[in-house]
Amino acid sequence: MALETLLVKVKTAISNSFDSVPPKLLKKKPSFKSKPNVGVLAFEIAGVMSKLLHLWHSLSDATIVRIRNDAVNLEGVRKIISNDESFLLGLACAEFAESLRVVANSVTRLGVRCEDPNLRSFQRAFLEFADSGCDPKEWALPGPKEIESKLKKMERYVTLTAALYREMEELTVLESGFRKALIHADANNVGSKDQQKLYELQQKIFWQKQEVKDLKERSLWSRSFDSVVVLLVRFSFTVLARIKVVFGIGHRMPCLSRTLSTSATVYPSDQNPNDFVVSGLLEEESKFDEAVNEDMESGFFEANSKLLKPPESTLGASGLALHYANLIIVMEKMIKSPHLVGVDARDDLYGMLPRSIRWGLRGRLRGVGFCASDPVLAGEWRDALGRILGWLSPLAHNMIKWQNERSFEQHNLVAKTNVLLLQTLFFANKDKTEAAITELLVGLNYIWRFEREMTAKALFECANSNGLLFKLNKPANEI
């Protein structure tokens, strides 16, 4: 009887827990009665915010300088993608623009839910700004102070909303555990210790609910929907303006002269820095500028999307970029430790090869003898393979990283992508890449056979020496 009374009290306490909270423990809740709050859409909006924040940080002066000085000048990029710096920088710009377009589509879907008609027409205004530079509503943030203020606000919202997500998951786990404990208690007689555990678990749930409630009040959950979308809209405009500034694209935007530095512009101009016009650097050779000019009638984003479409001669067009990246990484491990490669692993590697590489490999190995006992030649092959992997391996690892980070973004609030497509195998020339892979395979074949022959020779000599010692240790009458 006492147990049933306890269980009834516990269930009643859970259902009325919020009503029994002392007023002093509760913070005053901001009043947004006139407009609907974000609510459960807070997590989706936080994801959009985090991507906008990452885009902005990816367009910092330091990052743009790194792209120009390091990423574009990677040896592998120059060998199998392109040595046209203007074209490579155009690919970087196009990828930033494409990432922003995807984020802007999410903002558009959110804007449709707004009460403000200007926010509902965000897409039209955004595309107009992208194509003509016209910003009649002045949604692009005007100065560094405003940008810094909005950055901190968005970062705080993303952090608090991520914490809210974790605490809500924890609350779900606690409540699920408590329900199971109650079911067990109803079906069995529990002692005083079990009753105490039920009470302690009930208290944990109570305080966990207070933590969730507090985070809801401080995070995006309790903000008005329109005010949050305004923040996304204005920052989308600002990121687009930043892309045009650092890559020197399009139209004059004097309002940005107070906002964004010109020190990291990809195409530096000798003209007034307040004009932000396209430099003439490599203008005649620039495939990027040609693509933009040819497709200007179809719009800024359409032109950049077209530039990101890989030519037929590339691994991206043939769908082999990721497969070849895995293949190169497997060979890299084998080349570092050929003595650990077994026959099965070697057969598995051969099974990964597409038909074109198999044909090329057969042609290279035709006429090669079975003997691989020359240490000088083995050393030369190791040096050659090291040089090839020195420029090819970074592109393969970047390809895996690029793919993994985009898969990671689908399940996390914060995007952390730091690799651009131009640094991967996506735009790599298929024939040149396959030639390099074939060379790696020929060299790997030799040093693998060399290691096996040296190992077999060592074992044979060891066996012979052991046999000789055995004979020497035998008594004379046994020999």
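This is a predicted model: local features need pLDDT of at least 70, side-chain atom pairs count only at pLDDT 80 or more; totals for chains, interfaces and linings use all residues.
Let us begin with two phenylalanines: F96 and F247 are both buried, where buried means under 20% relative accessible area, exposed over 50%, and partly exposed in between, with a 1.4 Å probe and protein chains only. Residues are numbered from 1 along each chain as its sequence is written, and side-chain values use heavy atoms, with hydrogens and water left out.

To return to the aromatic residues, the whole structure contains 13 aromatic pairs. Rings of Phe, Tyr and Trp, the last by its six-membered ring, pair if their centres lie within 6.5 Å; planes under 30 degrees apart count as stacked, over 60 as edge-to-face, and the rest as tilted. For F96 and F247, the ring centres are 6.1 Å apart and the planes stand at 45°, so this pair is tilted. The pair links distant parts of the chain, since F96 belongs to helix 5 and F247 to the loop between helix 10 (225–246) and helix 11 (287–294), 151 residues apart. Elsewhere, one aromatic cluster is formed by F122, F126, F129, W139, F237, F300 and F301.

I turn now to the chain as a whole. It has 18 helices and zero strands; these are DSSP runs, H or I of at least four residues for helices and E of at least two for strands, numbered from the N terminus. Of its 479 residues, 45% count as buried. The accessible surface comes to about 25600 Å², and 55% of that belongs to carbon and sulfur atoms; the areas come from the Shrake-Rupley method with a 1.4 Å probe, and for residues only the protein chains shown count as cover. Among contacts with a separation of 6 or more, 80% are between residues 24 or more positions apart, a contact being heavy atoms within 4.5 Å.

Which residues touch the most other members of the largest nonpolar core? They are I45, M49, F247 and L425, in a core of 129 residues. Helix 5 (residues 85–111) gives the most to this core, with 14 residues. A nonpolar core here is a set of buried Ala, Val, Leu, Ile, Met, Phe, Trp, Tyr and Cys residues joined through side-chain atoms within 4.5 Å.

Not counting residues up to four places away in sequence, M49 touches M154, Y157, V158, L220, V228, L231 and L232. V228 and C114 are 114 residues apart in sequence, and their C-alpha atoms are 10.0 Å apart in space.

C114 itself is buried at 4% relative accessibility, whereas C134 is partly exposed at 32%. The structure holds zero disulfides, a disulfide being a pair of cysteine sulfur atoms within 2.5 Å.

Helix 2 (residues 42–58) includes G47, which counts as buried at 12% relative accessibility.

I357, in helix 16 (residues 355–365), is buried with a relative accessible area of 1%. Apart from neighbours within four places in sequence, I357 is in contact with Y324, L327, E434, I437, T438 and L441. The C-alpha atoms of I357 and A435 lie 8.1 Å apart, and the two residues are 78 residues apart along the chain.

E451 is found in helix 18 (residues 430–473) and counts as buried at 18% relative accessibility. Its contacts beyond four places in sequence are P338, H339 and R382. With R382, the side chain of E451 makes a polar contact of 2.5 Å; the term denotes a pair of N or O atoms within 3.5 Å, where within protein one must be able to donate a hydrogen and the other to accept it, and residues adjacent in sequence count only if both atoms are side-chain atoms.

Finally, a point of backbone geometry. Most residues other than glycine have a negative phi. E138, however, has a positive phi, near 55°. E138 is placed in the loop between helix 7 (122–132) and helix 8 (144–187), and is exposed, with a relative accessible area of 60%.
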